[in-house]
Amino acid sequence: MDGVKRWRWWAVFILGALIGSQFACGGGNDSTKANHEALVSRIAFGSCANQTAPQPIWDAIIKFDPQVFIWMGDNIYGDIKRPSKMFGKERTIGPWKNVPRFVPTSQDEMNFKYHIIKNHPAYSRLRHNLNTKAGIYTSYTFGPVGRQIKIILLDTRYHRDPLSSDGTILGSTQWTWLEKELNGPSSAITIIVSSIQVISNLSATTGPLFYMESWGRFPKERDRLFQLIADSKRNGVFFISGDVHFGEITRYDCDVGYALYDITSSGLTQAVEKAVPAPFHFVVRFLAWWTPSTMRVIGKNCRHRSCTYGQPNFGAIEIDWDATPVALKIEVRDTDGIPAIGVNISLSELQAQSVNSAATLRVGEHQKHCSLEVDLPWIVRYRLTILFYFSVAGMFFSTLGSIFLKFLLFALVGLNFAAAVVFRLFLRKCKLD
Ligand SMILES: [Fe+2]
């Protein structure tokens with residue numbers, strides 16, 4: 001078995017086990033069949049749970065009492081047990097610690113793990129659900145007719161081409177399946193689950209310092225997704241996503257005739273603010289606020305000015321079916337179950353023609369939720385990078401007279417640049433592996 005197959009096999013298995021174990025326990029294994037007639041009004045979701053880290057957040061999730069829990073993700077933490085020596089024994093401080101998980105394990109180790117897992121009941125259920133197709137995309141429908149919620153779980157990893165290739169994310173077979181799902185029986189609400197962010201394209205404003213994986217980095221593929229939703233004339237669609245280790249709510253108004261929301265919850269244990277000591281959390285929040293975003297939903301009820309949340313979190317969806325029109329409250333909540341960011345949406349807002357499209361824009365006008373990040377004026381788009389290099393330059397000149405410190409700063413900048421280059425090369429290699 002070559003490296004590609006090894007990696008894919010593990011990615012498919014672990015993600016499948018996570019999702020499959022949640023849904024298979026509910027008894028659903030037919031993607032086209034309604035799983036439950038009971039009305040569903042509370043759904044929780046989450047991603048990025050390191051099994052070696054404390055997970056107190058489950059108390060808050062249990063208190064929320066969700067009828068459905070959606071476990072998202074595309075990478076695994078399960079193959080890493082080496083403790084971090086820099087910040088303590090628990091490896092809870094960010095994605096860079098988990099880099100080895102991208103590296104395929106040896107054939108012997110794969111065989112060893114396979115022999116352990118193949119007799120587990122969850123694996124049998126997963127195999128049954130997958131039905132031997134390539135990838136683990138599937139869908140479930142909950143609730144009585146007229147108040148149904150369809151949950152479409154995409155596989156954004158199995159078929160994905162290398163980052164920056166502008167190739168495919170879903171692959172042709174999954175695209176055909178998704179088209180059928182969107183054009184199938186209607187549902188009041190359709191939740192499309194993507195492990196990676198759909199609406200936000202953070203990389204457009206954090207590059208060249210660092211880049212994230214997202215649909216925004218595959219613009220043709222994302223356009224195709226929006227077009228598919230528009231062509232299906234399906235109303236009540238929104239996305240949920242994970243991956244980035246912070247919570248965020250974004251929306252895009254200019255493609256399907258209504259606002260497409262993407263509620264990101266990440267992660268259950270992994271979070272960006274845990275990468276730095278508590279006295280420096282304000283720096284993380286400042287940088288999140290300083291980094292421009294055209295899609296982020298900024299509301300008065302955000303805990304921080306950035307309207308992102310960098311501590312462990314989970315997503316909570318509450319649906320008031322008795323309201324007229326039906327009302328949705330979607331929040332990213334902390335480990336105490338307290339909302340950190342949230343949005344209230346009327347289901348009537350998620351109907352085609354409820355939002356005027358780009359036609360309302362005047363020439364040259366920049367509109368939030370409608371202009372892509374890549375179309376921002378360069379002085380705005382790259383202000384994080386500009387700030388970074390001005391800070392470095394400031395530190396350099398403030399150390400006049402100390403040749404050693406100057407040399408040290410030069411070395412740090414050089415190391416930073418080299419690390420960025422290696423990281424990018426590594427990401428590319430990982431996909432090719
Ligand atoms: Fe993660």
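This report walks through the fold of a predicted model and a few backbone details in its loops.

## Overall make-up

The protein has 433 residues, of which 38% are buried. Its secondary structure comprises 11 helices and 13 strands. Among contacts with a separation of 6 or more, 69% link residues 24 or more positions apart.

## The five-stranded sheet

Let's turn to the sheet. An open sheet of 5 strands runs in the order β3-β2-β11-β12-β13, with mixed pairing. From one strand to the next, the twist averages 15 degrees.

Within this sheet, β2 (residues 42–46) and β11 (residues 314–320) are antiparallel and joined by 4 bridges.

## Two cis peptide bonds

Most peptide bonds are trans, so the next two are worth a look. G207 and P208 are joined by a cis bond with omega about 0 degrees, and P208 sits in the loop between α6 (203–206) and α7 (219–232). The bond from T324 to P325 is also cis, with omega near -5 degrees; P325 belongs to the loop between β11 and β12 (327–333).

## Positive phi at two aspartates

Most residues other than glycine have a negative phi. D166, however, has phi near 55 degrees and lies in the loop between β5 (149–153) and α5 (172–183). D166 counts as exposed because it has 12 C-beta neighbours inside 10 Å.

For D243, phi is near 85 degrees, and the residue is in the loop between β7 (237–241) and β8 (247–252). D243 is buried because 25 other C-beta atoms lie within 10 Å.

Methods. Residues are numbered from 1 along each chain as its sequence is written. This is a predicted model: local features need pLDDT of at least 70, side-chain atom pairs count only at pLDDT 80 or more; totals for chains, interfaces and linings use all residues. Two strands pair if DSSP finds at least two bridges between them. Axes are lines fitted to C-alpha atoms, for helices over the stretch in contact, and angles run from 0 to 180 degrees between N-to-C directions. A residue is buried if 20 or more other C-beta atoms lie within 10 Å of its own, exposed if 12 or fewer, and partly exposed in between; C-beta atoms are placed from the backbone. Two residues are in contact if their C-beta atoms, placed from the backbone, lie within 7 Å.
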